[in-house]
Structure formats: structure tokens, C-alpha cells
Amino acid sequence: MVNGKVFLKQKGSGLAGICKELENLSKKEILVGIPEEEATRKNDDAINNAELLYIHTHGVRNKIMREEMQSNIEKGMKYSKAHSLYLKEHGSPLLNIPPRPVLEPAIENSKEIIAQQLKEVSVSALNMNVSETEANLHKVGMLAQSAAQNWFENPKNNWVPNAKSTIKKKGSNIPLVDTNELRKSITYVLRDKK
């Protein structure tokens with residue numbers, strides 16, 4: 001301050017540097033799920049963890065419904081995108097396996113803590129601290145990964161318990177936790193957007 005006036009000095013690369021750092025940050029993405037290379041299941045060549053998570057997220061239509069839909073598709077019948085999207089998001093009353101979504105509700109349930117860590121990403125980016133920004137992005141990924149993995153036993157998941165036949169076979173009414181293989185396969189990846 002000189003004669004009551006405040007003067008700001010440019011330090012480092014200034015606004016141009018901040019803009020460049022924010023541009024670099026906008027090219028990053030954090031993906032949470034099951035990477036293809038980590039999707040295999042022990043002793044099971046028929047289905048991988050990514051496919052299993054999809055099935056439990058969206059449910060499985062019974063065999064008669066699948067055959068009818070396939071027959072209709074082969075005859076040229078088109079199902080609307082809205083109908084397809086609805087079934088993928090909410091399942092159907094004809095499901096043999098009820099939907100048990102993991103990723104979206106788990107992230108939603110942990111959005112406050114994830115948002116707080118994203119603020120730290122922004123602060124480190126504005127301070128042009130590349131290594132700290134990268135470390136904070138990894139922390140966001142770890143928080144999201146933990147949220148998804150913990151969702152399997154979170155009572156807020158409101159999953160339908162296992163069917164009596166499944167309980168008899170697996171000895172548990174808690175869905176998706178008999179081997180924990182699916183849960184442990186969920187991870188995060190930090191990468192540049194493609």
C-alpha cells in the first residue's frame with residue numbers, strides 16, 4: 001500500500017497461468033466402476049464383474065420376456081429410447097433379479113464429502129500447484145470408490161433381500177456380499193478425457 005492505494009504485483013504466470021491450469025483440469029475425468037482389465041471373476045468364465053454389476057444395477061428380465069422382445073426385434077419392432085432408458089434405470093415388474101444399483105446412489109449419498117474434496121482440487125488448481133491438484137483428484141477418486149464399495153452394506157441402499165432360494169443356496173439374505181469379489185473390483189481411474 002502506497003499513499004492509501006493498494007497495488008497488486010503479478011507473481012508467476014498470473015491470470016494466463018491460472019487459465020492454463022484450469023484448462024488442463026477441464027481435460028481430466030474420474031471414472032468409477034470396473035475397468036475391463038479388472039473385470040474377470042475367479043472360477044467363472046461365463047460372466048465378468050462389470051457385467052454382473054450391470055445386471056444388479058438394472059435387473060434381468062425373465063426368459064419369456066427376453067425371448068418375446070428378441071422375437072419382436074427380429075420382426076422389425078422398435079422399442080422407444082424412452083422405454084429402453086426407463087427399463088435400464090428402473091428394471092421391470094417381471095424381473096427375476098431386482099435392480100440393486102450401486103454407483104449412482106452411492107455417489108449421491110456421498111456427494112457432500114466428494115464436493116468438499118472437489119473444492120480442494122479447485123483451490124490447488126487456482127494456486128497452479130499441479131502436483132497438489134493431481135493428488136486432490138486422486139482423493140476424489142478414492143472417496144467415490146470407497147462410497148461405491150461401502151454401498152454394498154449401507155442400509156440406505158434399500159436393496160430387496162435375497163430370495164428364499166438364494167438364501168438357502170448362499171446362506172445369507174444380504175445381496176451381493178457372499179464373496180465380495182464384485183465389491184472389491186470397483187475402483188476409480190483418473191485420466192485425460194478422450
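## Nonpolar cores

A nonpolar core is a set of buried Ala, Val, Leu, Ile, Met, Phe, Trp, Tyr and Cys residues joined through side-chain atoms within 4.5 Å. In this predicted model, the largest such core has 16 residues. Ile34, Leu53, Val102, Phe152, Trp159, Leu182 and Ile186 have the most contacts inside it. Two elements, α2 (49–58) and α7 (130–151), each give two or more residues to this core. The largest share, three residues, comes from α7.

Leaving aside residues up to four places away in sequence, Ile186 touches Val32, Gly33, Ile34, Leu53, Val102, Leu103, Gln145, Ala148, Gln149 and Phe152. Another core, of nine residues, lies apart from the largest one. Its members include Ala125, Leu137, Ala144 and Tyr188.

## Helix α7

Helix α7 has 22 residues. From first C-alpha to last, α7 reaches 32 Å, close to the 32 Å expected at 1.5 Å a residue.

Buried residues of α7 are Thr133, Asn136, Leu137, Val140, Gly141, Ala144, Gln145, Ala147, Ala148, Gln149 and Trp151. Their cover includes helices α1, α5 (103–109), α6 and α9 (181–185).

## Packing of α1 on α6

Helix α1 (residues 14–26) packs with helix α6 (residues 111–126) at an angle of about 140 degrees. Their axes are 8 Å apart. The angle makes α1 oblique to α6.

On the α1 side, the contact uses Ile18, Glu21, Leu22 and Leu25. They meet Val121, Ala125 and Leu126 in α6. By class, this contact has six nonpolar, no polar and one charged residues.

Terms used. Residues numbered from 1 in each chain as written. Predicted model: local features only at pLDDT ≥ 70, side-chain atom pairs only at ≥ 80, totals over all residues. Heavy atoms only, no water. Axes fitted to C-alpha atoms, helices over the stretch in contact; angles between N-to-C directions. Helix = DSSP H or I, 4+ residues; strand = E, 2+ residues; numbered from the N terminus. Parallel < 35°, antiparallel > 145°, perpendicular 65-115°, else oblique. Contact = heavy atoms within 4.5 Å. Nonpolar A, V, L, I, M, F, W, Y, C, P; charged D, E, K, R; others polar. Buried < 20%, exposed > 50% of the residue type's maximum accessible area, 1.4 Å probe, protein only. Expected span 1.5 Å × (residues − 1).
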